[in-house]
Every structure is written in C-alpha cells, then in structure tokens.
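Here is a short tour of a protein chain for someone meeting it for the first time. Have a look at the picture, then read on.

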Amino acid sequence: MIYLLNIKQNTLVLQLINTLMKINDESNVPLFIPTIDISNSNHILVQNGESHQIIRTNEDIEKSLEYLSICNFVHIADIDAAKNKGSNIETIYKIIEKANSLKINCSIGGGIRDVITAQKLLSKGVSRVVIG
C-alpha cells in the first residue's frame with residue numbers, strides 16, 4: 001500500500017516517513033511518500049481534491065525540497081495538467097534539477113499522457129512517471 005502525503009512543516013512526521021521507507025523494503029509496511037502539488041507554478045496544499053492554500057511561491061519552491069531532503073523520495077504532482085488547465089512543466093524541471101542535486105528520487109504525475117513526455121522526464125533524472 002502506498003500513501004501520498006502533502007506535508008507542511010512537521011520534521012517528526014518526515015523522520016517517521018523516512019524510517020518507514022527504509023524498512024518497507026524488508027517488510028510489508030505501508031510506504032509513505034511526501035508530495036509537492038504544483039498549481040500556477042506554486043507549491044500548494046490540496047485537500048479532498050481541491051486547492052486550499054499556497055505553501056510556497058514559485059520563487060521559494062526549491063525550499064520545499066530542501067525541507068523534504070530528510071526523505072529519499074518525493075512525488076511531484078502537476079495539478080493544473082491533471083485537470084487539463086495548463087502545465088507547470090518548467091517549474092517541475094526546476095524541481096527535478098534541485099532534487100537531483102539533493103540526491104532525492106522523484107516520481108512525477110498529473111497530466112502526463114504520452115510516452116514522449118514520460119521519456120523526457122526520465123531523461124531529466126526522474127525515477128518514476130505516472131501516466132494517465
């Protein structure tokens with residue numbers, strides 16, 4: 001079982017997630033993956049499928065990754081692309097570059113509907129791509 005979490009500022013929760021991710025390979029423990037939801041090039045908080053508030057603006061979005069660097073994996077979701085309301089691909093490329101420099105593995109999802117886009121993301125260093 002995999003849970004995607006949009007975490008704000010709770011180091012204790014991140015430490016727990018990191019521990020669970022390490023033991024997940026050895027047992028049947030649920031895997032918790034922190035997410036960065038992107039809309040209008042901002043890191044947002046999504047609850048029940050609705051955007052609620054901006055956590056970080058485009059200029060500060062890399063700080064979200066620095067905060068999540070305690071984990072070795074993060075999921076990035078393009079909320080606008082998932083809803084067919086635009087794309088945040090340039091912002092996502094910037095996040096991928098920062099994640100690579102911090103040695104954080106990334107999965108990407110939201111609005112990726114073709115193999116060419118998936119291959120381009122993989123070539124940028126993404127570990128997994130969710131197509132759909």
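## Ground rules

Helices (H or I, at least four residues) and strands (E, at least two) are DSSP runs, numbered from the N terminus. This is a predicted model, where local features need pLDDT of at least 70 and side-chain atom pairs count only at pLDDT 80 or more, while totals for chains, interfaces and linings use all residues. Residues are numbered from 1 along each chain as its sequence is written, and side-chain values use heavy atoms, with hydrogens and water left out.

## The overall layout

The protein chain has five helices and seven strands. Starting at the N terminus, the order goes β-α-β-β-β-α-β-α-α-β-α-β.

Of the 132 residues, 40% are buried; that word means under 20% relative accessible area, with exposed being over 50% and partly exposed in between (1.4 Å probe, protein chains only).

## The nonpolar core

A nonpolar core is a set of buried Ala, Val, Leu, Ile, Met, Phe, Trp, Tyr and Cys residues joined through side-chain atoms within 4.5 Å. The largest one here has 20 residues, and Leu65, Val74, Ile76, Ile96, Ile108 and Leu121 touch the most other members. Two or more residues each come from strand 2 (31-39), helix 2 (61-67), strand 5 (73-78), helix 4 (89-101), strand 6 (105-109) and helix 5. Helix 4 gives the largest share, five residues.

## Around helix 5

Helix 5 covers residues 115-123, and Asp114 caps its N-terminal end, with a side-chain oxygen 3.2 Å from the backbone nitrogen of Ile116. That counts as a polar contact: a pair of N or O atoms within 3.5 Å, where within protein one must be able to donate a hydrogen and the other to accept it, and residues adjacent in sequence count only if both atoms are side-chain atoms. Just past the helix, Gly125 has a positive phi of about 110°.

Ala118 sits in helix 5. Is Ala118 buried or exposed? Ala118 is buried, at a relative accessible area of 5%. Setting aside neighbours within four places in sequence, Ala118 is in contact with Ile112, Val129 and Ile131.

Asp80 belongs to helix 3 (residues 79-82). Asp80 is buried but has no salt bridge, and the nearest side chain of opposite charge, Lys83, is 6.9 Å away. A salt bridge needs a side-chain nitrogen of Lys or Arg within 4 Å of a carboxyl oxygen of Asp or Glu; Lys and Arg count as positive and Asp and Glu as negative, with His and the chain ends not counted. Not counting residues up to four places away in sequence, Asp80 touches Ile38, Ser39, Asn40, Lys85, Gly86 and Asn88.

Now for the loops. Ser41, between strand 2 and strand 3 (42-47), has a positive phi near 65° without being a glycine. Lys103, in the loop between helix 4 and strand 6, also isn't a glycine, yet its phi is positive at about 60°. Lys103 is exposed, with a relative accessible area of 71%.

Note on methods:
Contact means heavy atoms within 4.5 Å.
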